[in-house]
Amino acid sequence: MEIYHKDGTFPRYCEAVRKSLDDNRFNEFAQLTSDEERFRFVNGLRKIVDELQLKREYNGKGMEQATALKTLGNKAFQAERWNDALVFYNKCYVSTPKENVQEKSIILANRSAALYHLEKYDLALRDIQRALDHQYPNQMMYKLMERKARCFLAKKEYEAALECFKATVTALDDSNLPLERRQKLERDAQIMINLLPKNIELEKKTKKKSSKADQSAPTTKVPDNFIEKALWFDESPDEGRFARTNTDLKPNTILLLERPHVSVLLEDYSLDHCTHCFKRVSVPIACPLCADVVFCSDECETKANATYHRYECGFLPILWGSGASITCHMALRMITQKSEEYFLKLKPELAGLTNEQIDKLPVDDYRKVYKLVTHESTRSPEDFFQRTLMATLLNACLTLGGYGACPQEQNYIGGLLVHNLQLLQFNAHEVSEMIRETAEDIGKSTFIGGGLYPTLALFNHSCDPGVTRYYRGNQVCVRTVKNIPADSMVAENYGPLFTQVRRDERRDTLLHQYRFTCQCVPCVENWPLFTEMDPGVIRFRCDSGKICSNVLLIPAAVNDFMVKCTECGEHTNIMKGLKSLQDTDMLFKTATRLHSAGEYEAALRKYVEMMETMSEVLVPPYRDYHLCQQGLRACMLEFGNRFTRAVAKK
């Protein structure tokens, strides 16, 4: 994975710095053996801040722009185009500068009105509270109180609604309304105050009855991190660390749920997804200072601004404009999400970490990822130079952003940045979202950001993977898509599948990007592409099971039902197998119909049943087997991030 894009400012800067070094100076750099030494050398060459004109800038906010957007929002609201009003109010809110506190409170109140009409009552209540926190004018307070009451009324939370209607009456005393208008609003509120006690009594009786009748078990909360107990991690000189299973795994088994050690959104998705958790945001919470990111909740905004965003805020346009890849941003955030003191305490123990120690650590611990493979020994001096120069750019952002107070430790932190850039090259994963243009569209899995998942990073590659992965926000979920026997490697896929890409091309890609020659079964046996699989030949499993692994190649139009194995001499009755395949045809049609109807859980069960039936009698590669796997993957993707553009415009 490249560390920069060619259309940014960094490539030209990198080329200029490299040309400024004569052979003797570059050879001096090439002899260095640690990342800290490399950083010290390159950081002393030029003043990065001066050359790239680095400075913190808060662009995208301004009252002139915000006022224009507010006017557009108000016009849309008056025309009862609630969705359009919401879009303009969102943009206005993000554009409003931090110091215009009361103006921000008014736009939040306006947005709450649009949300109320869109029947998004919880979001409207959130904006009402935020408007109150931003010094909403007293003379207009009756509007918020009355809207708050209406939201609670719609939610059938009658006690809360009653209190808000009472507060509305009180707030009207501070209003500048004409007497007649004020008296009407007061009468309307008083009617609700008189009516609501009856609803409250009825609600209490209903709750008492429902609490006695409801004996159902509480719903189980999905854990942030989960590893299937059958998984364990082996190690060998050729394969490094890799996942294995100590029991037979069936299709659709959840093996892993993991939050990232670090994750970063691409620039293109920074204003419609939460920068902290990656959830798509329709009603954003803005950063107080910059207009470069948004959040889905107060919780995410607080966490981000308490750690990494306080240092990155104002520098994101510089990073994006430099052409730095997403792995560079991730390398920076691996530092900014923790304090300098945190890394200083870790310094004495990083070199001596063992796998046993690492496995017990939480996902957010830097030691958890420090020893992931970097292929440092195979890197060229030019590769090291480019990554180290990028680390000096990232470190300049850290320094200007106020990170750290120990100048003498700058080279240590810089060395960690160089190390991060190396390990992310081979261990980071693309975070995706299924995006459809219309509800009928098949959809496209779209790259929206990157994440580093410490456990997932240990899974090795296969061109015929046993698992697929999808994302919920920035949490990864890994599920099996075939039967995996006990004591087998559990492999994921790093990009090329044997069904779509020929072996030579797959191996070239993997060697170039990940520095290994693939030795998975499809590569060793040179399995055909999906389009080249012969539907006229059925690949039956020998009946003697684990004793014999021979494949019986049987023509689809065979008349004999007892076939002798050329390896073990045992006879296999293929009549049962042919009957099973007839059953799978019906299962596939049912699963496809259910999938098209949006009944993904039911479709998944049918695909699993089909896969287990075929696994008993067939040996891949076989067209129907891989069509079934494709169906399994397609269903699973529906449980992850997904978005339909046409729906959002309604």
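A: Let's begin with a term: a residue is buried when its relative accessible area is under 20%, exposed when over 50%, and partly exposed in between (1.4 Å probe, protein chains only). This is a predicted model, where local features need pLDDT of at least 70, side-chain atom pairs count only at pLDDT 80 or more, and totals for chains, interfaces and linings use all residues. Residues are numbered from 1 along each chain as its sequence is written, and side-chain values use heavy atoms, leaving out hydrogens and water.

Of its 11 residues, 11 are buried, so H15 is largely enclosed by the rest of the structure. The buried residues of H15 include Ile-326, Cys-328, His-329, Leu-332, Arg-333 and Thr-336.

Two of these, His-329 and Arg-333, also line the largest cavity. A cavity is a set of points on a 1 Å grid over the protein atoms alone where a 1.4 Å probe fits but cannot get out, and lining residues have an atom within 4 Å of a point. The structure has four cavities of 30 Å³ or more, and the largest has a volume of about 60 Å³, counted as the space filled by probe spheres set on grid points joined across faces, edges and corners.

In the loop between E5 and strand E6 (285-286) you will find Phe-278. Phe-278 is not a glycine, yet has a positive phi of about 75°; at 1% relative accessibility, Phe-278 is buried. Asn-252 also has a positive phi of about 75° without being a glycine, and sits in the loop between strands E3 (240-245) and E4 (254-258). Asn-252 is partly exposed, at 26% relative accessible area.

Finally, look at Gln-422 in helix H20 (residues 410-427). With a relative accessible area of 0%, Gln-422 is buried. Leaving aside neighbours within four places in sequence, Gln-422 is in contact with Asp-35, Thr-374, Glu-376, Arg-379, Phe-384 and Arg-387 (contact means heavy atoms within 4.5 Å).

Conventions:
1 Å grid on protein atoms, 1.4 Å probe; cavity = no way out; pocket = protein on both sides within 12 Å on 5 of 7 lines; lining within 4 Å. Helix = DSSP H or I, 4+ residues; strand = E, 2+ residues; numbered from the N terminus.
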